[in-house]
Amino acid sequence: MRAWQIDSLSTPARLITLPLPVPAAGQALVRIHACALNFADLLMVEGKYQSKPPLPFTPGLELAGEVVALGPDTAGPAPGTRVACYAGHGGLAEYGTFPTDRLIPIPDALPYTHASAFLIAYGTSHLALWHKARLQPGETLLVTGAAGGVGLTAVEVGKRMGARVIATARGAEKLAVARAAGADHLIDSDAPDLKDQLKTLGGVDVIYDTVGGAGFDAALRATRPDGRILCIGFAGGDVPKPAANILLVKNVTVIGFWWGAYIDFAPHLVTQSLSTLMGWYTQGGLRPHISHHLPLASLPEGLALLRDRKATGKVVVQIA
């Protein structure tokens, strides 16, 4: 089988041929049809992500495919079952072995490309807004980086939960994508008066921040009393340092959130959240936005799209 492999964090990934893996007890062999790329993949191949697989490894956090075989004495989805999987790594290959408790059967109505792009982005937005920020109908939600992989899903999920959504993104093209996802108000992230524009719109109750940097401080200053700020990521490169005096005076809560950790310490919440999201999808309420479909050989191009912030929604590598 073909697979991308990272041999050293100082050298680029290589597309090589490897023997077909054999599932161990508790694992399933999956024929991978699609693997969605995430900003975390870019960080992981550079050794900058919080999760660091031992070398050598195959990147690719999330995937969708078909179960081919089960390991010895393993109960799990039967061969032929269509599944999605948050693997952590291993998705950028034609086959992979994964723990059966990570496999989520998917409905026939959910294409492999959509399924591969579903778990992390929608899972992050829903669990963060529902479980951590306790977003309420009628509240105002600000989403930064609103045309990106997770930001765009936060716009969709926030609207589905009954919020008024303000979206920030860079340029008219990306803002149009956020509007199509349901954003009520649009602000160019390069605008010098972000704080004033947010205050003119009445301020915000919940901030879903994927970017960090100077925009974080401007949004904080436009947050209403008892507001909540979700730290989802730092795509802008700068980790913000919120002013504690403002947090105190406004009774604002800053919330760190990493979806992948919940799979280990609170899997029941992940299961509940994904069940809700799958229901919304089958009802026609969610539609993953995929700006680029690439073949397996084009992984470097896909990572460059993420690095240069030229993608909207998700980038998906189609493998089979």
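I started with helix α7, residues 214-221, which lies across β8, β11 and β12 (223-231). Its angle to β12 comes out at about 155 degrees. I keep in mind that this is a predicted model.

Next I looked up the sheet behind those strands. It is an open sheet of six strands, in the order β10-β9-β8-β11-β12-β13, and the pairing is parallel. Which strands stand at the edges? I found β10 (185-188) and β13 (253-256) there. Each has a single partner strand, so one side of each is left without a neighbour in the sheet. On average, neighbouring strands here are turned by 20 degrees against each other, direction ignored.

I then zoomed in on one pair. β8 (residues 140-143) and β9 (residues 164-169) run parallel and pair over four bridges. In that pairing, Leu-141 stands opposite Val-165 in β9. Helix α4 (residues 149-160) also packs on the sheet, where it touches β8, β9 and β11 (204-209). I noted about 170 degrees between the direction of α4 and that of β8.

Leu-141 came up again when I checked the cores. The largest nonpolar core has 86 residues, and Leu-141 is among those with the most contacts inside it, along with Leu-129, Tyr-208, Leu-230 and Trp-259. Apart from that core lies another one of 17 residues, including Val-204, Ala-219, Leu-220 and Cys-231.

What does Trp-259 touch, leaving aside its neighbours within four places in sequence? My list has Tyr-86, Leu-119, Ile-120, Gly-123, Thr-124, Leu-127, Val-270 and Leu-274.

Aromatics next: I get six aromatic pairs in the structure. For Phe-118 and Tyr-281, the ring centres are 6.0 Å apart and the planes sit at 85 degrees, so I logged the pair as edge-to-face. Phe-118 is in the loop between α2 (112-116) and α3 (119-132), while Tyr-281 belongs to helix α10 (residues 267-282), so the pair ties together parts 163 residues apart in sequence. Buried or exposed, I asked of Phe-118? Phe-118 is buried, at 0% relative accessibility. Tyr-281 is buried too, with a relative accessible area of 4%.

Last, I checked the record. UniProt, in an unreviewed entry, puts "domain: Enoyl reductase (ER)" at residues 7-317. I noted 21 Å between the end C-alpha atoms of that span, which is 32% helix and 26% strand.

Key
Residues numbered from 1 in each chain as written. Predicted model: local features only at pLDDT ≥ 70, side-chain atom pairs only at ≥ 80, totals over all residues. Heavy atoms only, no water. Core = buried A, V, L, I, M, F, W, Y, C linked by side-chain atoms within 4.5 Å. Buried < 20%, exposed > 50% of the residue type's maximum accessible area, 1.4 Å probe, protein only. Contact = heavy atoms within 4.5 Å. Pairing = 2+ DSSP bridges. Helix = DSSP H or I, 4+ residues; strand = E, 2+ residues; numbered from the N terminus. Axes fitted to C-alpha atoms, helices over the stretch in contact; angles between N-to-C directions. UniProt positions renumbered as here; feature names shortened; annotations may be inferred. Phe/Tyr/Trp six-rings, centres within 6.5 Å; stacked < 30°, edge-to-face > 60°.
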